[in-house]
Amino acid sequence: MGAPPTRPADRALTKPRRRLTSAVAALIALLAVGAGVLVGLSTPAPAPADAPEREFSAARAYRNVEVIAAEPHVAGSAANDRVREHLVATLRGLGLQTEVQDAVAPEAGQLSGAAGGATLARVRNVVARLPGTDPTGKVFLVSHYDSVQTGPGGNDDAAGTATILEVARALTTGPRPRNDIVFVLTDAEEACLCGAAGFAADHPLARDGGVVLNLEARGSTGPVIMFETSRNNAKLVEVFGKAAPHPVGTSFAVEIYRALPNDTDFTAFLDRKFVGLNSAYIDGGAIYHTPLDVPARVDRGSLQMHGDNALGLAREFGRTDLGDLRAGHDDTYFPVLGGLVSYPGWLTLPLAVAALLAVGALGWLLRRRGRATAGTLAAGFGLTLLPVVVAPLGAWLLWAAITTIRPGYAELLDPYRPVWYRLAVVALSAAVLFCWYALLRRRVGPAALAFGGLAWLAVFGVLLAVAVPGGAYLTTLPALAGALAGFAALATRRDGPWPVVAVTLAAAVAVVILLPPVVLLFPALGMGMGAVAALVAVLLGLAVLPVVDLLHPRAGGQRGLLALRARRLGALPAAAAALAAVVLAGVGLAVDRFDAAHPVPTHLMYALDAGTGKATWLTREEKPQPWTDGYVDGTVSVADDFPGLGNSEMRAGPAAAAPLPAPKVDVLSDTRTGDQRVLRLRVVPQRQVRLLTLHVDTSTATVRSASVAGRDVPVEPGDGRWGFGIVFHAPPPEGVEVTLTLVPGSGAVSVRAMDASDGLSGVPGFRPRPPDVGVVGSHSSEMLAVARTYPL
Ligand SMILES: [Zn+2]
């Protein structure tokens, strides 16, 4: 294949200077658009403590963050009681009807709990109501006030809880809203979403449903993203775009979120047919669920954004008619320069098909005009797959290399200072794209390569429209804009300014649509999945190629030595980007070292069988850090000895037995009728614990039905010896009553009781961590479990 022929009329822009001026102007315009995109994604300035009383003030909210997150306050703990008392006092101080819902609640949805059993918790939700003047329904502002056991939860979710307190304060200062506003500060979210599930299922105020606004954080900074909605969201999205002062949200996030293992209280409400919006800030994920999630780590800008949006939405939902919020369809929506663009989801497939047809028509036109041949168009399309595949692969290899140099990254959601690595991935993507372009531009021709990029964008658009409709806009709209720009360029004089204007406008559309996901995917997925951001970066690069091409001399314009020089110049951007990738990765490694303020995370647990006196150190680290490695020397499956810890393989090592008692199992009654036996048991912890489990050896009895604290729980047979189990979070000191209806075998029924507390400092053989060694943010870090088998 040869370069397409150059016509005499093409000569004008062949003048290198004029071409270069156009290129620089176009790139400056694109950089300005990119800067605008970044400003649109930035957080607002935090309002001071003396801000007007009807407004939200991050400074005022932060005072409550400090009280709530003064220490870890996991559900059931004394610290949790203190936080709850503060919340109740604060809400009552605002004149709101406030109560505590004290209940035993099951977990929400089909979350993973005990294999073949049920998960429940004793929860104490704080519920306050601001009655509306003429209510058409209820608006629920929801956050969880409990923290994980390992950290005080400054961001997760003291920030959300303090935001709701400040929103409640602002709402009680002005005229009363038309609709009821209910403030729901839930308990035991971290354990099992049980607080929210208990509220949604059992609380009288939840009976008629309503609109839920859930506030969360999975990090410490960054813009608040509205990342989840109930189904048929068009009307909710319309209100969001209108009433949230900083409407950062995209229908693509919903699709991403579904692929992630995270869950929030919002799930419990969706199970109950509420409608609503779920918002969180997610950058700075390194401290998520760790001891470092302290109030000082809360970004006041993110806090302000949470509050501005929550207050705006509460006011708007507080005045609209809540009767008909369920639209017939979902919307596609995405942020555009500080605003929100949305269109009905049913347009997704027609638009994607239109984009594909438009790009096809552009190819046909390019051929007719002699800008490309069937061969070069086919080559452009086929060869564009190279950067699409190579850049993500390169990002994956780069991170594999970095984690080989720094294995401590394995247990982190994201590095402490990820920005250098993110930029390295972007530079690497650019290097791949530039290199590919420099190699193929003369052989295939810029028009055919631009066509190849647009064609892949359009193809992805159709695939996404079918599989992940909320994300189809990402490639459909840039493809459509690129095709239209191509038509415009072909319809105007080639030596005039319009072709440059047209391709620049199309590139600007791509920047507006594809830059936010590049920026947001890094914190959303972490560096381990930086390849996804690299893919989107390459798609953005492909859409911007016609502008980048202006930097190159006109194709076919030179001969001989000039062409050679041009080719060398063409390699320059690729070399520069590759060098930048290496330098940025190196800077990242130099800057983001582990130290006392940024400790390497380690995971350790201690498990004791009080019956046999056998004790074990356990870690979930696959390749244990040096500190952890001092405790473990092999791998075990915990399913047999500690079914309450799940059924995974863990690294383990022998430990000295601590003189700790297992929970007692008291038989309250034992009745037999026919082949059935009904055992009424009370499982009583013998020390201050966070959770209690009871498992039945299903080779000694078949479990027909079970109830916990008077609540029937589902009975589904699980795998392994302990085929039925109950996990109970935040058990009261007097223990938990369990009734089992069984069909026993010939011998005794075997049950295994386990409880767990937090903190290993008193355990024999435990050596405190050095300052630069920290704790993994997980629900089992520092757990101390004691188990015992009872024949009944
Ligand atoms: Zn959490």
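Author: The side chains of Arg441 and Asp549 form a salt bridge, with 2.5 Å from N to O; the term stands for a side-chain nitrogen of Lys or Arg within 4 Å of a carboxyl oxygen of Asp or Glu. This pair links distant parts of the chain, 108 residues apart: Arg441 is in helix α14 (residues 419–444) and Asp549 in helix α18 (residues 530–549). Helices (H or I, at least four residues) and strands (E, at least two) are DSSP runs, numbered from the N terminus. Arg441 and Asp549 are both buried, where buried means under 20% relative accessible area, exposed over 50% and partly exposed in between (1.4 Å probe, protein chains only).

The model is predicted, and local features need pLDDT of at least 70, side-chain atom pairs count only at pLDDT 80 or more, and totals for chains, interfaces and linings use all residues. Residues are numbered from 1 along each chain as its sequence is written, and side-chain values use heavy atoms, with hydrogens and water left out.

A second salt bridge joins Arg682 to Glu737 (3.5 Å, N to O). Arg682 lies in strand β16 (residues 676–684) and Glu737 in strand β21 (residues 736–744), so this pair ties together parts that are 55 residues apart in sequence. Arg682 is partly exposed at 23% relative accessibility, and Glu737 is partly exposed at 25%. Shared partners in salt bridges join Arg19, Arg441 and Asp549 into one network.

Within helix α3 (residues 78–93), Arg84 and Asp81 are 3 residues apart, about one turn of the helix. Their side chains meet in a salt bridge of 2.5 Å, N to O.
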